[in-house]
Amino acid sequence: MGWSACASRILEGAGVLALALLEAVLAQDASPRSLSPAEWRAGVISKLPAYIEWPPDRFGPESNALRIAVLTAPGRDEDILPLLSALFTNVRVGGRPVEVSLLARPGNAAEYHVLFVPEEASGRWWEAAATLDLRGLVTVGESGDFLRRGGVFNLRTPARKLEIDRRNASRAGLTISSKLLRIAVVQ
(Lines give C-alpha, C1' and ligand atoms only; values in the text may rest on other atoms or scores of the structure.)
Protein backbone atom coordinates (compact mmCIF):
# COMPACT_ATOMS: atom_id res chain seq x y z
CA MET A 1 0.00 0.00 0.00
CA GLY A 2 1.39 3.40 -0.95
CA TRP A 3 1.52 6.58 1.10
CA SER A 4 -1.67 8.02 -0.43
CA ALA A 5 -3.63 4.95 0.62
CA CYS A 6 -2.05 5.15 4.07
CA ALA A 7 -2.91 8.87 4.27
CA SER A 8 -6.51 8.09 3.36
CA ARG A 9 -6.65 5.55 6.17
CA ILE A 10 -5.16 8.06 8.60
CA LEU A 11 -7.80 10.63 7.67
CA GLU A 12 -10.82 8.32 7.97
CA GLY A 13 -13.29 8.97 10.74
CA ALA A 14 -12.66 10.21 14.23
CA GLY A 15 -12.67 8.99 17.79
CA VAL A 16 -11.65 5.37 18.26
CA LEU A 17 -10.67 4.89 14.61
CA ALA A 18 -8.48 8.01 14.62
CA LEU A 19 -6.80 6.93 17.84
CA ALA A 20 -6.27 3.41 16.49
CA LEU A 21 -4.69 4.85 13.35
CA LEU A 22 -2.44 7.10 15.42
CA GLU A 23 -1.41 4.07 17.45
CA ALA A 24 -0.66 2.26 14.18
CA VAL A 25 1.45 5.14 12.88
CA LEU A 26 3.35 5.27 16.16
CA ALA A 27 3.88 1.53 15.97
CA GLN A 28 4.68 1.86 12.25
CA ASP A 29 1.99 -0.69 11.40
CA ALA A 30 0.05 1.66 9.12
CA SER A 31 1.26 -0.10 6.00
CA PRO A 32 3.14 -3.25 5.06
CA ARG A 33 6.19 -1.17 4.14
CA SER A 34 8.03 1.17 6.45
CA LEU A 35 6.93 4.78 6.40
CA SER A 36 9.65 7.25 5.55
CA PRO A 37 10.66 9.52 8.44
CA ALA A 38 8.78 12.43 6.84
CA GLU A 39 5.65 10.30 6.32
CA TRP A 40 5.76 9.14 9.93
CA ARG A 41 6.22 12.69 11.29
CA ALA A 42 3.41 14.04 9.10
CA GLY A 43 1.10 11.18 10.10
CA VAL A 44 1.62 11.80 13.80
CA ILE A 45 1.40 15.59 13.56
CA SER A 46 -1.79 15.33 11.51
CA LYS A 47 -3.54 13.43 14.31
CA LEU A 48 -2.38 15.52 17.30
CA PRO A 49 -4.85 18.46 17.01
CA ALA A 50 -7.85 16.16 17.50
CA TYR A 51 -6.56 15.30 21.00
CA ILE A 52 -5.69 18.81 22.20
CA GLU A 53 -7.87 21.42 23.84
CA TRP A 54 -6.66 25.00 23.40
CA PRO A 55 -7.44 27.93 25.70
CA PRO A 56 -10.93 29.23 24.78
CA ASP A 57 -9.63 32.62 23.64
CA ARG A 58 -6.97 31.16 21.31
CA PHE A 59 -9.18 30.87 18.22
CA GLY A 60 -11.91 33.48 18.22
CA PRO A 61 -14.86 32.88 15.89
CA GLU A 62 -15.62 29.30 14.83
CA SER A 63 -14.64 30.20 11.25
CA ASN A 64 -11.02 30.89 12.21
CA ALA A 65 -8.69 28.21 10.90
CA LEU A 66 -6.43 25.93 12.88
CA ARG A 67 -3.02 27.11 11.72
CA ILE A 68 -0.07 24.71 11.52
CA ALA A 69 3.45 25.83 10.64
CA VAL A 70 6.76 24.14 9.88
CA LEU A 71 9.73 26.26 10.95
CA THR A 72 12.23 26.52 8.12
CA ALA A 73 15.71 25.19 8.70
CA PRO A 74 18.69 26.29 6.60
CA GLY A 75 19.96 23.43 4.49
CA ARG A 76 16.96 21.18 5.07
CA ASP A 77 14.43 20.22 2.45
CA GLU A 78 11.00 20.73 3.99
CA ASP A 79 9.69 17.35 2.86
CA ILE A 80 7.05 17.30 5.58
CA LEU A 81 5.17 20.38 4.32
CA PRO A 82 3.58 18.81 1.21
CA LEU A 83 2.70 15.70 3.21
CA LEU A 84 0.98 17.72 5.94
CA SER A 85 -0.79 19.84 3.33
CA ALA A 86 -2.10 16.69 1.64
CA LEU A 87 -3.24 15.17 4.94
CA PHE A 88 -5.21 18.30 5.84
CA THR A 89 -6.78 18.92 2.41
CA ASN A 90 -10.55 19.34 2.96
CA VAL A 91 -10.20 18.33 6.61
CA ARG A 92 -11.72 20.15 9.56
CA VAL A 93 -10.52 19.80 13.14
CA GLY A 94 -13.01 20.78 15.80
CA GLY A 95 -15.17 22.25 13.05
CA ARG A 96 -12.34 24.48 11.83
CA PRO A 97 -10.54 24.41 8.48
CA VAL A 98 -6.80 23.72 8.68
CA GLU A 99 -4.06 25.83 7.10
CA VAL A 100 -0.49 24.50 6.74
CA SER A 101 2.44 26.76 5.92
CA LEU A 102 6.16 27.37 6.33
CA LEU A 103 7.31 29.76 9.03
CA ALA A 104 10.51 31.59 8.14
CA ARG A 105 10.68 33.81 11.22
CA PRO A 106 10.29 32.12 14.61
CA GLY A 107 9.16 35.44 16.08
CA ASN A 108 5.84 35.01 14.24
CA ALA A 109 5.04 31.68 15.94
CA ALA A 110 2.22 33.18 18.05
CA GLU A 111 0.13 33.43 14.86
CA TYR A 112 -0.10 29.62 14.77
CA HIS A 113 -1.67 26.87 16.88
CA VAL A 114 0.78 24.06 16.08
CA LEU A 115 4.46 24.54 15.26
CA PHE A 116 6.78 21.78 14.07
CA VAL A 117 10.42 22.57 14.81
CA PRO A 118 12.83 20.37 12.81
CA GLU A 119 15.99 19.45 14.67
CA GLU A 120 18.05 21.71 12.40
CA ALA A 121 15.91 24.71 13.44
CA SER A 122 15.97 24.02 17.20
CA GLY A 123 18.71 26.54 18.00
CA ARG A 124 16.92 29.33 16.13
CA TRP A 125 13.63 28.38 17.77
CA TRP A 126 14.89 28.42 21.36
CA GLU A 127 16.62 31.78 20.86
CA ALA A 128 13.31 33.32 19.74
CA ALA A 129 11.09 31.34 22.13
CA ALA A 130 12.71 32.98 25.15
CA THR A 131 11.01 36.26 24.19
CA LEU A 132 7.64 34.89 22.99
CA ASP A 133 4.31 34.23 24.66
CA LEU A 134 3.84 30.52 23.95
CA ARG A 135 0.38 30.30 25.50
CA GLY A 136 -1.85 28.22 23.26
CA LEU A 137 0.99 27.07 20.98
CA VAL A 138 1.52 23.34 20.53
CA THR A 139 5.24 22.91 19.91
CA VAL A 140 6.38 19.68 18.26
CA GLY A 141 10.09 19.03 17.95
CA GLU A 142 12.45 16.21 17.16
CA SER A 143 15.59 16.90 19.16
CA GLY A 144 16.81 15.10 22.25
CA ASP A 145 16.39 18.14 24.51
CA PHE A 146 13.17 19.54 23.05
CA LEU A 147 10.97 18.69 26.04
CA ARG A 148 13.58 19.67 28.59
CA ARG A 149 13.78 23.11 26.96
CA GLY A 150 10.00 23.65 27.08
CA GLY A 151 8.47 21.82 24.09
CA VAL A 152 5.14 20.03 24.41
CA PHE A 153 5.67 17.09 22.02
CA ASN A 154 8.83 15.43 20.78
CA LEU A 155 9.03 12.95 17.92
CA ARG A 156 11.67 10.26 18.28
CA THR A 157 11.60 9.36 14.60
CA PRO A 158 14.10 6.47 14.49
CA ALA A 159 12.36 4.81 17.47
CA ARG A 160 8.87 5.84 16.24
CA LYS A 161 7.92 7.22 19.66
CA LEU A 162 5.83 10.23 20.61
CA GLU A 163 6.92 11.97 23.82
CA ILE A 164 4.76 14.44 25.75
CA ASP A 165 5.63 16.81 28.58
CA ARG A 166 2.43 17.44 30.53
CA ARG A 167 3.95 20.32 32.56
CA ASN A 168 4.95 22.16 29.39
CA ALA A 169 1.48 21.57 27.95
CA SER A 170 -0.09 22.97 31.11
CA ARG A 171 2.20 26.04 31.03
CA ALA A 172 1.01 26.65 27.46
CA GLY A 173 -2.63 26.41 28.60
CA LEU A 174 -3.19 23.18 26.65
CA THR A 175 -5.12 20.13 27.74
CA ILE A 176 -4.11 16.83 26.17
CA SER A 177 -6.64 14.01 25.94
CA SER A 178 -6.02 11.05 28.22
CA LYS A 179 -6.47 8.86 25.16
CA LEU A 180 -3.33 10.37 23.64
CA LEU A 181 -1.47 10.24 26.94
CA ARG A 182 -2.07 6.46 27.09
CA ILE A 183 -0.25 5.78 23.82
CA ALA A 184 2.72 8.15 24.28
CA VAL A 185 5.77 8.36 26.48
CA VAL A 186 4.69 10.92 29.10
CA GLN A 187 7.00 13.05 31.22
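How many helices and strands does the protein have?

## Overview

The protein has seven helices and ten strands. Helices (H or I, at least four residues) and strands (E, at least two) are DSSP runs, numbered from the N terminus. This is a predicted model, in which local features need pLDDT of at least 70, side-chain atom pairs count only at pLDDT 80 or more, and totals for chains, interfaces and linings use all residues. Residues are numbered from 1 along each chain as its sequence is written, and side-chain values use heavy atoms, with hydrogens and water left out.

Of the 187 residues in the protein, 51% are buried (under 20% relative accessible area; exposed is over 50%, partly exposed in between; 1.4 Å probe, protein chains only). Take the contacts (heavy atoms within 4.5 Å) between residues at least 6 apart in sequence: 61% of them join residues at least 24 apart.

## The sheet

Eight strands form an open sheet with mixed pairing. Their order is β3-β4-β2-β5-β6-β7-β8-β10. Two strands pair if DSSP finds at least two bridges between them.

Strands β5 (residues 114–117) and β6 (residues 138–141) run parallel and are joined by four bridges. Phe116 has Val140 of β6 as its bridge partner.

## Helices on the sheet

Helix α4 (residues 80–87) packs on the sheet. It touches β2 (66–71), β4 (96–103) and β5, and its direction makes about 170 degrees with that of β4. Axes are lines fitted to C-alpha atoms, for helices over the stretch in contact; angles run from 0 to 180 degrees between N-to-C directions.

Helix α5 (residues 122–129) also packs on the sheet. Its contacts are with β2, β4, β5 and β6. The direction of α5 makes about 135 degrees with that of β5.

The axes of α3 and α4 lie 9 Å apart, at an angle of about 40 degrees. That makes α3 oblique to α4 (under 35 degrees is roughly parallel, over 145 roughly antiparallel, 65 to 115 roughly perpendicular, the rest oblique). From α3, the contact includes Ala38, Arg41 and Ile45. From α4, it takes in Ile80, Leu83, Leu84 and Leu87.

Arg41 sits in helix α3 (residues 37–47). Is Arg41 buried or exposed? Arg41 is buried, with a relative accessible area of 6%. Leaving aside residues up to four places away in sequence, Arg41 touches Arg76, Asp79, Ile80, Phe116, Glu142, Leu155 and Thr157.
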